[in-house]
Amino acid sequence: MKFTFNWLKEFVDIESTPQELAATLTMAGLEVESITPIREPGSGQEDWLFEVGVTPNRGDCLGIAGIAREVAAL
């Protein structure tokens, strides 16, 4: 599953850096395959693209709302 850091921040308050969040999600059982820096066209605002491998037993994390719930719980 792919999502951006700014999109996730619309659902949950995050005080950690993208790298810290990736490490936390990996330790919680979600495999963060990559994080890539990107820039939004027009505004030039920096963002991060997360690519997360979701295992079959974590169907609750197949959407942004499920990832947000997991981040809020952590």
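**Figure 1. Pairing of Arg39 with Glu46 in the predicted model.** Arg39 has Glu46 of strand 3 as its bridge partner. Helix 2 packs on the sheet and touches both strand 2 and strand 3. The direction of helix 2 makes about 165° with that of strand 2. The structure shown here and in the views that follow is a predicted model.

**Figure 2. The hairpin of strand 2 and strand 3.** Strand 2 covers residues 31-39 and strand 3 covers residues 46-53. The two strands run antiparallel and are joined by eight bridges. Six residues lie between them in the hairpin. Gly42, in the turn, has a positive phi of about 90°. Within the pair, Ile35 stands opposite Phe50 of strand 3. Ser34 has Glu51 of strand 3 as its bridge partner. In a regular strand, side chains alternate between the two faces of the sheet.

Figure 3. Strand 1 pairs with strand 3 in the antiparallel sense, over three bridges. Lys2 takes part in this pairing, with Glu51 of strand 3 as its bridge partner. Glu51 is also the bridge partner of Ser34. The open sheet has three strands in the order 1-3-2, with antiparallel pairing. Strand 1 and strand 2 are at the edges and have a single partner strand each, so one side of each has no neighbour in the sheet. From one strand to the next, the twist averages 25°.

**Figure 4. Overall arrangement of the chain.** The protein has three helices and three strands. Along the sequence they follow the pattern β-α-α-β-β-α. The radius of gyration is 12 Å, close to the 11 Å given by the globule rule for 74 residues, so the protein is as compact as a globular protein of that length. Taken along the principal axes, the box filled by the C-alpha atoms is roughly 40 × 20 × 20 Å. Of the 74 residues, 35% are buried. The accessible surface comes to about 4500 Å², and carbon and sulfur atoms account for 53% of this surface. Among contacts between residues at least 6 apart in sequence, 53% join residues at least 24 apart.

**Figure 5. Thr26 in helix 2.** Thr26 is a residue of helix 2. Its relative accessible area is 38%, so Thr26 is partly exposed. A polar atom of the Thr26 side chain lies 2.9 Å from the backbone oxygen of Ala22. In an α-helix, residues three or four places apart point the same way, because there are 3.6 residues a turn. Gly53 is 27 residues from Thr26 along the chain, and the C-alpha atoms of the two residues are separated by 9.8 Å.

**Figure 6. The buried residues of helix 3 and their cover.** Helix 3 spans residues 64-73. Its buried residues are Ile64, Gly66, Ile67, Ala68, Glu70 and Val71. The cover over these residues includes strand 1 (2-4), helix 1 (5-9) and helix 2 (18-27).

**Figure 7. Surroundings of Ile64.** Ile64 is placed in helix 3. Its relative accessibility is 12%, so Ile64 counts as buried. When neighbours within four places in sequence are left aside, Ile64 is in contact with Met1, Phe3, Trp7, Leu8 and Phe11. Ser34, 30 residues from Ile64 in sequence, is 17 Å away in space, C-alpha to C-alpha.

**Figure 8. Arg58 in the loop between strand 3 and helix 3.** Arg58 is placed in the loop that lies between strand 3 and helix 3. With a relative accessible area of 16%, Arg58 falls under the 20% limit and is therefore buried. Apart from neighbours within four places in sequence, Arg58 is in contact with Ala28, Leu30 and Glu70. Glu70 is one of the buried residues of helix 3.

How values were computed. Residues numbered from 1 in each chain as written. Predicted model: local features only at pLDDT ≥ 70, side-chain atom pairs only at ≥ 80, totals over all residues. Heavy atoms only, no water. Buried < 20%, exposed > 50% of the residue type's maximum accessible area, 1.4 Å probe, protein only. Helix = DSSP H or I, 4+ residues; strand = E, 2+ residues; numbered from the N terminus. Contact = heavy atoms within 4.5 Å. Polar contact = N/O pair within 3.5 Å; in protein donor to acceptor, adjacent residues only side chain to side chain. Pairing = 2+ DSSP bridges. Axes fitted to C-alpha atoms, helices over the stretch in contact; angles between N-to-C directions. Rg over C-alpha atoms; globule rule 2.2 N^0.38 Å. Areas by Shrake-Rupley, 256 points an atom, 1.4 Å probe, with all protein chains shown as cover.
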